[in-house]
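Dear colleague,

I am passing this structure on to you, and would be glad if you read the notes below with the model open beside them.

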Amino acid sequence: MNILMVLTSHDQLGNTGKKTGFWLEEFAAPYYVFHDAGLNITLASPKGGQPPLDPVSDAPDAQTKDTERFRADTDAQRLLANTRKLSDISADDFDAVFYPGGHGPLWDLAQDAHSIALIETCWAAGKPVGAVCHAPGVLRLVHQPDGTPLVQGKRVTGFTNSEEEAVGLTKVVPFLVENALKQAGGLFESTDDWGVYSVVDGHLVTGQNPASSAAAAQDILKLLKH
């Protein structure tokens, strides 16, 4: 089975002068869930090449067994350094697609035409679509074949307003994930801030925060096995 993981190419945290990008744990944990299950993993990003890493996710207190495993995994590092350009990707080549978060996707992937088309094609074909933390924001402009918003009437989760408030970026991000999903008609759910929470509705999987990344990936695996 072939799975595509789509990462951000955006590295500027609004007008703060600080860097952002993808969140290391949200890449590493799902990557190893898929890798250890024997899936063929392809990585892509809007610009291709090495996607920017959010430096906060590289801090000592943000490390997990999966991020430590990644640091010792030269094959995974090489794969990450050479992501394919999203515009060169065909949805037909994959059985599922998964989006790791970090704040970066809110600026690029959320309105990237190739990303939107990719998700719409996968969704229409009945393929699992997954996103975790800030990455469910990439669903806000995605539509079903009948023209209705993809998340309309569906149970979804993502980085909550209260979690964004806790990290002090409510006024920095271009939009709040929770608000965007609700505005698109999603039935937003969450657990306590920083708790593990993954929601499955049909073949859509969304995870709330970094701690939920492995759980969301496991839910994608379950869908693939069925």
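A polar atom of the Ser9 side chain lies 3.0 Å from the backbone nitrogen of Lys47, a polar contact being a pair of N or O atoms within 3.5 Å, where within protein one must be able to donate a hydrogen and the other to accept it, and where residues adjacent in sequence count only if both atoms are side-chain atoms. Please bear in mind that this is a predicted model, in which local features need pLDDT of at least 70 and side-chain atom pairs count only at pLDDT 80 or more, while totals for chains, interfaces and linings use all residues. Residues are numbered from 1 along each chain as its sequence is written, and side-chain values use heavy atoms, with hydrogens and water left out.

Ser9 is found in the loop between E1 and H1; helices (H or I, at least four residues) and strands (E, at least two) are DSSP runs numbered from the N terminus. Ser9 is buried, with a relative accessible area of 12%, where buried means under 20%, exposed over 50% and partly exposed in between, using a 1.4 Å probe and protein chains only. Leaving aside residues up to four places away in sequence, Ser9 touches Ser45, Pro46, Lys47, Gly48, Pro52 and Asp108, contact meaning heavy atoms within 4.5 Å.

Thr83, in the loop between helix H3 (74–81) and strand E3 (84–85), is likewise buried, with a relative accessible area of 5%. The side chain of Thr83 makes a polar contact of 2.8 Å with that of Ser45, and a polar atom of the Thr83 side chain lies 2.5 Å from the backbone oxygen of Gly49. Among the residues that Thr83 touches are Leu7, Leu43 and Pro51.

Turning to the sheet, seven strands form an open sheet in the order E3-E2-E1-E4-E5-E9-E8, with mixed pairing; two strands pair if DSSP finds at least two bridges between them. E3 and strand E8 (198–201) stand at the edges, each with a single partner strand, so one side of each has no neighbour in the sheet. Strand E1 (residues 2–6) pairs with strand E2 (residues 40–45) in the parallel sense over five bridges, and Leu4 stands opposite Thr42 in E2. Five of the six residues of E2 are buried.

Which residues form one aromatic cluster? Phe22, Phe27, Tyr31, Tyr32 and Phe70 do, and the count of aromatic pairs comes to six, where rings of Phe, Tyr and Trp (its six-membered ring) pair if their centres lie within 6.5 Å, with planes under 30 degrees apart counted as stacked, over 60 as edge-to-face and the rest as tilted. Phe27 and Phe70 form an edge-to-face pair, 5.7 Å centre to centre with 85° between the planes. This pair links distant parts of the chain, with Phe27 in helix H1 (residues 24–36) and Phe70 in helix H2 (residues 65–71), 43 residues apart. Both Phe27 and Phe70 are buried.

With best wishes
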